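Q: I'd like to learn how to read the features of a model step by step. Could we go through one together?

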Amino acid sequence: MKLKYTAAWVGLTAAAMVAATACGSDGAKTAAGTADKAVDKGTAVMAALTRATDRTEELGSAEVRTTTELDATGGEPISMDGTYSWGDGAAMDVEMDTAAAQMSALQDDPTTRVVMVDGAYFYDVDPQPNGPLAGKEWMRVDVAAVTGEAGADNMAANADPTATLRYMTASTEVADLGEETVLGRKTTHYRGSVGAEHVERSKLTEAEKKAAIAALKASGGKLTCDIWVDGKDLPVRITQTGAGMTVKMDFVKFGATKEITAPPAAETGDLTEQVTKQRDAAIGQ
């Protein structure tokens, strides 16, 4: 099996989950009164995002629909639907287009179920006639086997919408674009961008700062995000743009989702060692 079968998927997942963004806006103020109003408005925006952060963290999981568009592939949307959980470590259980995930060699169905839990990805595959996947229903690969240890740590630190909201509050300004209806819900739309300098002077922990800056560097140094927050202080949609990709995450329902667990070990074939060797060879180690 070639590395591409897992590298493509993990790349998309990282893009969708690593939303280390703190939104800010630019613009000079020309009058003292306007500046005072801007300060007041900025304080209100930060308060709204802080409430959304606390509320999202409290609920711990959500049913989501995520779409990723890559400039390198012509912007063809690649969708994932399922559950994200962040209450007790980052986890997800989603369905993805098999061809888009480059899993067609291992799965005949048009969609592939992928579970991430306990630091590993589990791909629902067709049992193979020989090799590590002979007679197995699932393929297991450690996240670090493809992303490296640092990449796995970054994903674990940022793989939930709470992280996105925390990084947004690290910025000096966030643009309030007003009220909009999204997914049938009345929301307030915020937009901005962030670089490493915003994170450095934020009130995040040192571990969070390190993870955020690493994610920003991996994404070209700067990301732009939009977030729509409803009247219950919950995000309805988050989008992230940067480094040749756009990721949109819609939150269908928060909380009360099914617990995400690893498939039975007896039904799983582990390809971590093979993927690690291929990754090392690809990067010249």
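Q: Which residues does Ile227 touch, not counting residues up to four places away in sequence?
A: Happy to start there, with the reminder that this is a predicted model. Ile227 touches Leu49, Leu165, Met168, Thr188, His189, Tyr190, Pro235, Arg237 and Ile238, with residues up to four places away in sequence left out.

Q: Which residues touch the most other members in the largest nonpolar core?
A: Ile227 is among them, together with Leu49, Tyr84, Tyr123, Met139 and Tyr190, in a core of 41 residues. Helix H2, residues 32-59, gives the largest share of this core, five residues. Another core lies apart from it and has seven residues, including Val115, Val117, Ala120 and Phe122.

Q: How many helices and strands does the chain have?
A: The secondary structure comes to seven helices and 12 strands.

Q: In which sense do strands E9 and E10 pair, parallel or antiparallel?
A: E9 (residues 223-230) and E10 pair in the antiparallel sense, over six bridges. A pair of residues to look for is Cys225 and Gln240: Cys225 stands opposite Gln240, which is in E10.

Q: Let's turn to charges. How many salt bridges does the structure hold?
A: First the general idea: side chains of opposite charge can pair when their charged atoms come close. This structure holds 10 salt bridges. One of them is formed by the side chains of Glu63 and Lys253, at 3.5 Å from N to O. Glu63 lies in strand E1 (residues 61-70) and Lys253 in strand E11 (residues 245-254), so this pair ties together parts that are 190 residues apart in sequence.

Q: Are Glu63 and Lys253 buried or partly exposed?
A: Glu63 counts as partly exposed, at 31% relative accessibility. Lys253 counts as partly exposed too, at 37%.

Q: What does Arg113 form with Asp93?
A: Arg113 forms a salt bridge with Asp93, and their closest N and O atoms are 2.7 Å apart. The pair links distant parts of the chain, with Arg113 in strand E4 (residues 111-117) and Asp93 in strand E3 (residues 91-97), 20 residues apart. Arg113 has a relative accessible area of 31% and is partly exposed; Asp93 is at 21% and also counts as partly exposed.

Q: In which salt bridge do the side chains of Asp250 and Arg237 meet, and at what N to O distance?
A: The two side chains meet in a salt bridge of 2.5 Å, N to O. Asp250 lies in strand E11 and Arg237 in strand E10 (residues 235-242), so the pair ties together parts that are 13 residues apart in sequence. Asp250 is buried, with a relative accessible area of 5%, and Arg237 is buried at 18%. Elsewhere, salt bridges that share partners join Arg140, Asp142 and Asp270 into one network.

Q: Which residues does Asp250 touch, not counting residues up to four places away in sequence?
A: Asp250 touches Glu63, Val64, Arg65, Leu183, Val236 and Arg237 on that count. The side chains of Asp250 and Arg237 also make a polar contact, at 2.5 Å.

Q: Where is Thr66 found, and is Thr66 buried or exposed?
A: Thr66 is found in strand E1 and counts as buried, at 1% relative accessibility. Thr66 and Asp81 are 15 residues apart along the chain, and their C-alpha atoms are separated by 6.3 Å.

Q: To finish with the whole chain, what percentage of the 285 residues count as buried?
A: Of the 285 residues, 47% count as buried. For contacts in the chain with a separation of 6 or more, residues 24 or more positions apart account for 61%.

Definitions and conventions: Residues are numbered from 1 along each chain as its sequence is written. This is a predicted model: local features need pLDDT of at least 70, side-chain atom pairs count only at pLDDT 80 or more; totals for chains, interfaces and linings use all residues. Side-chain values use heavy atoms; hydrogens and water are left out. A salt bridge is a side-chain nitrogen of Lys or Arg within 4 Å of a carboxyl oxygen of Asp or Glu. Helices (H or I, at least four residues) and strands (E, at least two) are DSSP runs, numbered from the N terminus. Buried means under 20% relative accessible area, exposed over 50%, partly exposed in between (1.4 Å probe, protein chains only). Two strands pair if DSSP finds at least two bridges between them. A nonpolar core is a set of buried Ala, Val, Leu, Ile, Met, Phe, Trp, Tyr and Cys residues joined through side-chain atoms within 4.5 Å. Contact means heavy atoms within 4.5 Å. A polar contact is a pair of N or O atoms within 3.5 Å; within protein, one must be able to donate a hydrogen and the other to accept it, and residues adjacent in sequence count only if both atoms are side-chain atoms.
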